[in-house]
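Open the model in your viewer and switch to a cartoon view.

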Amino acid sequence: MEDGVLKEGFLVKRGHIVHNWKARWFILRQNTLLYYKLEGGRRVTPPKGRILLDGCTITCPCLEYENRPLLIKLKTRTSTEYFLEACSREERDSWAFEITGAIHAGQPGKVQQLHIQKNSFKLPPHISLHRIVDKMHDSSSGIRPCPNMEQGSTYKKTFLGSSLVDWLISSSFAASRLEGVTLASMLMEENFLRPVGVRSMGAIRSGDLAEQFLDDSTALYTFAESYKKKVSSKEEISLSTMELSGLVVKQGYLSKQGHKRKNWKVRRFVLRKDPAFLHYYDPSKEENRPVGGFSLRGSLVSALEDNGVPTGVKGNVQGNLFKVITKDDTHYYIQASSKAERAEWIEAIKKLT
């Protein structure tokens, strides 16, 4: 990283005038969050914009967009609002923690308090679980169950474990994820919630209350009175259910060269195993459906040279590139944000080929 850079990477930003969503490269410094447009896999200078952090307030989790659960909301001193989406819950929380630290950089006591709160565990002595469940059912501010898929089956009216913890924090029932997990476990113990599917049912068998509820984007839960399961048919989704049924082992934003127009665009890549597939999603779209993907069985993955534009790469795109060649000889050209990130992706993909 450059000097003075606290964190950098891709986030998807909502536009101010036209509320479309576009991937931007963000750089966090002590007082400012800068964001850049990317062209040809490279950062375009000067910055597209800057967010002054002095006097900013941050909301995370931010649940204002139902189809974008991984948002951070920043509100500046002049009441300008910025909505930023990360590629995973861990990455969102990491950004939020670093931004919060930058906002309060001149207040060491406040920063120490934030470190303590991150791992706090101080639930009130008298908790009304009925009140929490009533609030969860609220049509305007509650948690909204929807169809979710696990291992080839679609479960109606369910929600993710991590989404419930987000909701408990956002609704001020919990101050940290540890408190949220404990509350969710209590809701299950009292039969307000029930686990759905292999992942969450397996956690129940562990017997340890602290580990029974999973703060995880692959674990499904539902209200106890509304449990229904429906096995999805191939007519319901265009992609094979088997492709998307594997366990997510890695995900993140990468740039990819298009097959027809050969232009470079940022995509959210998701690597799954059992079965091994690499899918990519358009972060500007609301729906959580891949725009493409391929089986990794029999594939080859390799780093491309960093000096000059490698063969097969269009445009003046250089550095941190790698290539995946599928079993049917389709070539995918992908660019990571650093050599370390490229090495991590290549290693993770190789394990599944």
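Select residues 7–14, strand β1, and then β2; the two run antiparallel and 8 bridges join them. This is a predicted model. β1 passes to β2 through a hairpin of 6 residues.

Stay on β2 and colour residues 21–28 by accessibility. Is this strand buried or exposed? Of its 8 residues, 7 are buried, so the rest of the structure largely encloses β2. Buried here stands for under 20% relative accessible area.

Next, select residues 32–36. This is strand β3, which pairs with β2 in the antiparallel sense over 4 bridges. Pick Leu28 to find its bridge partner in β3, Leu33. The link from β2 to β3 is again a hairpin, through 3 residues.

Zoom out to the sheet. In which order do its strands lie? The order is β6-β3-β2-β1-β9-β8-β7, 7 strands in an open sheet with antiparallel pairing. Select 49–52 (β6) and 57–62 (β7) to see the edges. Each has a single partner strand, so one side of each has no neighbour in the sheet. Then look at how the strands are turned: neighbours in this sheet stand at 35° to each other on average, direction ignored.

Select residues 71–75, strand β8, which pairs with β7 in the antiparallel sense over 4 bridges. Show Cys62 and, opposite it in β8, Leu71.

Conventions. Residues are numbered from 1 along each chain as its sequence is written. This is a predicted model: local features need pLDDT of at least 70, side-chain atom pairs count only at pLDDT 80 or more; totals for chains, interfaces and linings use all residues. Side-chain values use heavy atoms; hydrogens and water are left out. Two strands pair if DSSP finds at least two bridges between them. Axes are lines fitted to C-alpha atoms, for helices over the stretch in contact, and angles run from 0 to 180 degrees between N-to-C directions. Buried means under 20% relative accessible area, exposed over 50%, partly exposed in between (1.4 Å probe, protein chains only).
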